Every structure is written in structure tokens, then in C-alpha cells.
Amino acid sequence: MNIKSEREILLMKEAGHINYLAHKEMEKYIKPGVTTLELDKRIHDFIVKHGAVPSCLHYEGFPASACICVNEEVVHGIPGKRVLHDGDIVKLDFTVRKNGYESDMTRTYLVGNVSSEIRQMVKDTEDALYAGLSVVKPGNRIGDISHAIETYAHTHGLSVVEELVGHGIGTQMHEDPEVPNYGEAGKGPRLKKGMTLAIEPMLNMGKKEVCLLDNDWTVVTEDGSPSCHFEHTIVVTDDGYEILTGE
Ligand code: MF3
Ligand code: CO
Ligand code: CO
């Protein structure tokens with residue numbers, strides 16, 4: 001299932017690197033007063049300037065190049081007039097396609113001065129992603145990743161969104177297998193060298209329940225509590241993993 005050749009992995013790394021660079025570039029622009037639509041425009045233009053395709057745009061009708069979520073918005077936020085304020089968190093989640101291969105990456109960013117409680121949550125969510133990655137190697141199973149993320153989240157007082165999951169990735173943004181952020185160790189498909197996965201914990205400060213807004217895209221926490229999200233595209237290697245959405 002979903003095994004890529006050396007050549008395909010190189011192409012995904014090219015797409016992933018542009019994705020990483022676009023994220024880095026956006027650090028300059030995230031500050032109080034900016035709208036999510038302005039950020040989306042910058043992401044779009046950066047990707048196009050690098051000869052790649054912002055593949056979220058028009059994906060199943062999605063109207064923008066990036067999913068941009070503020071505070072209680074969990075995923076699939078539609079960029080628009082919402083203005084970032086001091087103390088907010090903002091999540092940029094976007095895919096970059098180059099030469100027919102996809103990459104998917106998300107980071108949660110701090111806007112101005114953010115409370116220590118929320119800063120801790122952002123750190124814990126990124127660390128939960130790395131807890132999941134730490135068990136990636138041939139022979140282990142998807143459930144090992146799921147269980148590692150869930151355990152890390154719960155140990156740090158965060159709840160796990162269950163409705164949305166990580167996924168295989170390649171020529172398609174979403175491929176098999178699904179990678180839930182909760183589950184049982186030792187269960188699920190076995191990891192094999194050359195599998196490419198997008199691993200993406202979505203963790204809430206309050207309850208795990210989410211709901212869908214009237215725009216039919218944006219998922220928010222039911223209790224209005226903040227939600228954090230980090231995502232990397234990785235490949236399973238001989239003895240572990242390599243991040244494709246990196247330097
Ligand atoms: N990047 C999202 C993911 O992590 C998918 C976004 S699909 C879109 O799987 F249509 F909303 F862009
Ligand atoms: Co994504
Ligand atoms: Co994804």
C-alpha cells in the first residue's frame with residue numbers, strides 16, 4: 001500500500017521544501033491587524049513564484065490556497081476578513097504540488113503576546129506530533145503512531161479531535177491509509193519503507209467535540225476552546241522516518 005520509489009520521494013521532497021519555505025516566509029506577516037485573506041494571498045503568490053501549485057485551491061470546491069484557522073477554529077478555515085488580534089493563535093495548513101506530487105504541512109503561530117497557557121498548548125501539540133513520529137519505522141503499525149499521539153495529548157491535559165485524521169499522500173493529497181490521532185498500539189496497517197504519510201494532531205484545550213459551521217467547511221470546537229494543529233509530510237525510511245516538509 002502506498003509505497004513510493006526513490007524518484008517519487010525526491011519529487012515529494014521538492015514540493016515539501018517549498019511548503020516549508022512558504023511557512024517560514026509567513027512568519028514575517030503574522031501580526032495583529034493582518035487579515036486571514038492577506039495571508040492567503042501571500043501564500044498563494046509564494047507558491048506560484050516557486051513554480052508550484054497551491055493545490056488546496058478548488059480542491060473539492062475549497063475557495064482558497066490555504067486553510068487558515070484562528071483560536072477555536074480547528075480545520076478548513078476559509079480565509080477572509082477576520083483580523084488577527086494580539087493574543088490569538090493562527091494555524092496555516094496548506095498543500096503544495098510540484099511535478100505532480102503533493103506535500104501537506106501545518107503550523108500553529110502566535111500572534112503578538114499569547115498567554116502562557118496557550119503557548120504551552122502550542123508547544124505540547126508540536127511535541128505530540130514528534131511523539132507520533134518517534135514510533136515511525138518499518139514493522140510498527142499506524143496504531144502505534146495514533147496511540148503515541150493520544151497518550152502524549154492526554155498526559156498534557158489536551159483532548160484529541162476524532163473527526164479528522166492524518167493520511168497517506170503522494171500524487172493525491174489524500175491517500176490510504178488514514179492516520180487517526182487516537183487508537184490502540186499494535187493495531188492497523190504495518191508501516192513499510194517508502195510509505196509517505198501526513199501526520200497531523202489536532203488537539204483542543206477543552207472538550208474534544210467539534211462542529212461544522214454554516215459555510216460547510218470550517219470545523220470549530222463546540223465549547224469555543226482553542227485548538228492547535230501541527231502537520232508534517234514524512235517518508236518511512238530503513239530505520240525511522242524523514243521529514244519531507246523541511247529545510
Ligand atoms: N490540508 C488539509 C489536510 O491536512 C486538507 C485541506 S483540503 C482543503 O488534510 F480543501 F480544505 F483545502
Ligand atoms: Co494539511
Ligand atoms: Co493533511
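In the predicted model, the lining of the largest pocket comprises eleven nonpolar, six polar and eight charged residues. The volume of this pocket is about 440 Å³. Of the 25 residues that line the largest pocket, His76, His167, Met173, His174 and Glu200 are the closest to its centre.

Strand E7 contains Pro177, and the peptide bond that joins Asp176 and Pro177 is cis, with omega about 0°. His76, one of the residues closest to the centre of the largest pocket, has a phi near 60°, which is a positive value in a residue other than glycine. In the chain, His76 is placed in the loop between strand E2 (73-75) and E3.

At least two residues of the lining are supplied by each of helix H1 (6-26) and strand E13 (232-236). H1 gives the most to the lining of the second largest pocket, with four residues.

Helix H1 also packs against another helix. The axes of H1 and helix H2 (residues 36-49) come within 10 Å and cross at roughly 140°. Angles over 145 degrees count as roughly antiparallel, and H1 and H2 are therefore classed as oblique to each other. The crossing in which H1 passes H2 is right-handed. On the H1 side, the contact involves Ile18, Leu21, Ala22, Glu25 and Met26, which meet Leu39, Arg42, Ile43 and Phe46 in H2. The residues of this contact divide into seven nonpolar, no polar and two charged.

A further helix pair is formed by H3 (residues 116-133) and H4 (residues 142-155), which pack at an angle of about 150° with their axes 8 Å apart. With the cut-off for a roughly antiparallel arrangement set at over 145 degrees, H3 and H4 are therefore roughly antiparallel to each other. The crossing of H3 and H4 is right-handed. Residues Asp124, Asp127, Ala128, Ala131 and Gly132 in H3 meet Ile145, Ala148, Ile149 and Tyr152 in H4. The contact of H3 with H4 has six nonpolar, one polar and two charged residues.

How values were computed: Residues numbered from 1 in each chain as written. Chains lettered and ligands numbered in written order. Predicted model: local features only at pLDDT ≥ 70, side-chain atom pairs only at ≥ 80, totals over all residues. Heavy atoms only, no water. Axes fitted to C-alpha atoms, helices over the stretch in contact; angles between N-to-C directions. Parallel < 35°, antiparallel > 145°, perpendicular 65-115°, else oblique. Left-handed = near helix turned anticlockwise from the far one by under 90°. Contact = heavy atoms within 4.5 Å. Nonpolar A, V, L, I, M, F, W, Y, C, P; charged D, E, K, R; others polar. 1 Å grid on protein atoms, 1.4 Å probe; cavity = no way out; pocket = protein on both sides within 12 Å on 5 of 7 lines; lining within 4 Å. Points joined across faces, edges and corners; volume = space filled by probe spheres on them.
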